[in-house]
Amino acid sequence: MTRADALPTSLNPNNAGPPLWLLAELTYRCPLQCPYCSNPLDFAQTEQELTTEQWISVLRQGREMGAAQLGFSGGEPLVRQDLPELIAEARKLGYYTNLITSGLGLTEARVVAFAEAGLDHIQVSFQASDPELNNAVAGSRKAFEQKLAMAKAVKAAGYPMVLNFVIHRHNIHQMPDIIDLCERLGADYVELATCQYYGWAFENREALMPSKAQLDQAEAEVNASRAGLQARGSAMKLIFVTPDYYEERPKACMNGWGNLFLTVAPDGTALPCHSARLLPIDFPNVKDLDLREIWYDSPGFNHYRGNEWMPEPCRSCDEKDKDFGGCRCQAYLLTGNADNADPVCSKSPHHERILAARRAADHATAGLQDLVYRNVRNSRLFFRG
């Protein structure tokens with residue numbers, strides 16, 4: 001019997017298991033201005049960030065509930081000066097910890113200090129394989145140089161090297177060069193993740209979404225690179241993530257609503273995924289309720305658990321226990337109603353909206369200058385400069 005099974009029904013109305021993955025979004029502050037940032041469009045309006053003591057309480061509660069994996073993200077988590085203290089507390093509690101960072105604000109000394117505090121894993125993000133495009137997308141003239149140096153420092157400190165590239169129509173042609181850069185850096189894992197259209201990426205979808213031809217070519221190049229790596233005896237792993245918009249069935253978003261993943265936003269709002277605060281749902285805050293009550297009993301986390309909430313065609317679909325109706329955020333953004341079937345699904349009555357987006361991508365002409373960045377003022381200054 002699990003601890004969740006032992007709870008009274010009133011405290012676990014949908015028989016949910018424990019959260020196994022805790023994402024601590026420490027801050028929305030970031031030195032970069034990426035136009036596909038997953039942070040909310042109104043991130044500047046977010047209330048005051050949790051204190052060190054409040055974050056430690058969250059970590060302790062999560063571990064008591066069974067969470068084993070912990071991600072530190074943002075924004076840029078490196079702007080939090082208490083990050084070493086939080087890492088040390090996570091190590092003491094027994095988490096496997098992952099720092100998800102742009103690399104800006106990282107130094108060789110901090111890399112070593114994080115290792116001494118018990119950090120298990122660092123993922124460094126890049127925007128492109130060359131300095132000019134990388135810095136243009138990031139909105140920072142020195143980003144590429146810093147990222148390159150910090151990727152090398154991470155490798156030298158003995159961490160597994162995990163690199164992340166968000167792929168879109170302006171860098172998708174660089175796939176061979178991106179993979180070559182990763183191999184030269186000695187990467188162990190490379191995530192080539194095409195844009196998923198939430199937050200700022202949804203705002204910029206027309207300027208970011210690659211065409212089907214671009215996507216097919218990129219995937220072929222990744223497959224050819226995999227074969228080449230294997231022939232050379234390289235252990236580097238390439239993970240190519242296609243955008244939902246080019247699928248006919250939706251993904252099982254977050255492995256099901258309130259199933260495995262628990263996100264805590266900078267202001268303490270608890271979410272079933274990092275994008276869920278865009279939904280018209282009243283989500284609880286860790287300042288007001290403990291994590292156990294939030295996870296098992298709160299209306300926000302029970303809103304889309306199970307399948308009783310599903311309308312047709314999901315309710316009678318034989319795949320509903322596989323994909324859970326798809327992504328609630330995507331359904332809301334594309335149809336205005338989060339209860340609807342994810343329009344990615346070919347069975348959805350709103351699937352034409354996905355098909356229209358594909359057709360638009362085949363004829364898109366928008367350039368980098370058309371993107372709306374996290375900080376619009378900075379992006380305009382950058383391109384004028």
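UniProt positions are given in the numbering used here, and its annotations may be inferred rather than shown by experiment. The model in every view is predicted.

**View 1. The annotated cysteines at the largest pocket.** An unreviewed UniProt entry places the feature "binding site" at C30, C34 and C37. C30, C34 and C37 are included in the lining of the largest pocket.

View 2. C30 sits in the loop that runs between β1 (21-25) and α1 (52-65). The relative accessible area of C30 is 24%. Buried means under 20% and exposed over 50%, so C30 counts as partly exposed. Beyond its neighbours within four places in sequence, C30 contacts G75, E76 and R374. C30 is also one of the residues that UniProt lists under "binding site".

View 3. Setting aside residues up to four places away in sequence, C34 touches Q127, V137, A138, W200 and R374.

View 4. The domain assignment of the protein chain gives domain 1 (21-246) and domain 2 (253-362). Their C-alpha centres lie 23 Å apart. Across the boundary, 34 residues of domain 1 are in contact with 30 residues of domain 2. The size of an interface is often given as the accessible area lost when the parts come together. For domain 1 and domain 2, the buried area is about 2,800 Å², with 62% of it on carbon and sulfur atoms. On the domain 1 side, M65, Y198 and Y245 lose the most area to domain 2. Together these residues make up 24% of what that side buries. The salt-bridge count between domain 1 and domain 2 is zero.

**View 5. L262 in strand β8.** L262 belongs to strand β8, residues 261-264. At 1% relative accessibility, L262 is buried. Leaving out neighbours within four places in sequence, L262 has contacts that include P19, W21, L22 and L23. A270, L271, L291, W295 and F301 are also in contact with L262. A143 is 119 residues from L262 in sequence, and the C-alpha atoms of L262 and A143 are 30 Å apart in space.

Note on methods. Residues are numbered from 1 along each chain as its sequence is written. This is a predicted model: local features need pLDDT of at least 70, side-chain atom pairs count only at pLDDT 80 or more; totals for chains, interfaces and linings use all residues. Side-chain values use heavy atoms; hydrogens and water are left out. On a 1 Å grid over the protein atoms alone, a cavity is a set of points where a 1.4 Å probe fits but cannot get out, and a pocket is an open set with protein on both sides within 12 Å along at least five of seven lines; lining residues have an atom within 4 Å of a point. Helices (H or I, at least four residues) and strands (E, at least two) are DSSP runs, numbered from the N terminus. Buried means under 20% relative accessible area, exposed over 50%, partly exposed in between (1.4 Å probe, protein chains only). Contact means heavy atoms within 4.5 Å. Domain bounds come from an automatic or database domain assignment. Buried area is the accessible area (1.4 Å probe) that two parts lose on being put together, summed over both. A salt bridge is a side-chain nitrogen of Lys or Arg within 4 Å of a carboxyl oxygen of Asp or Glu.
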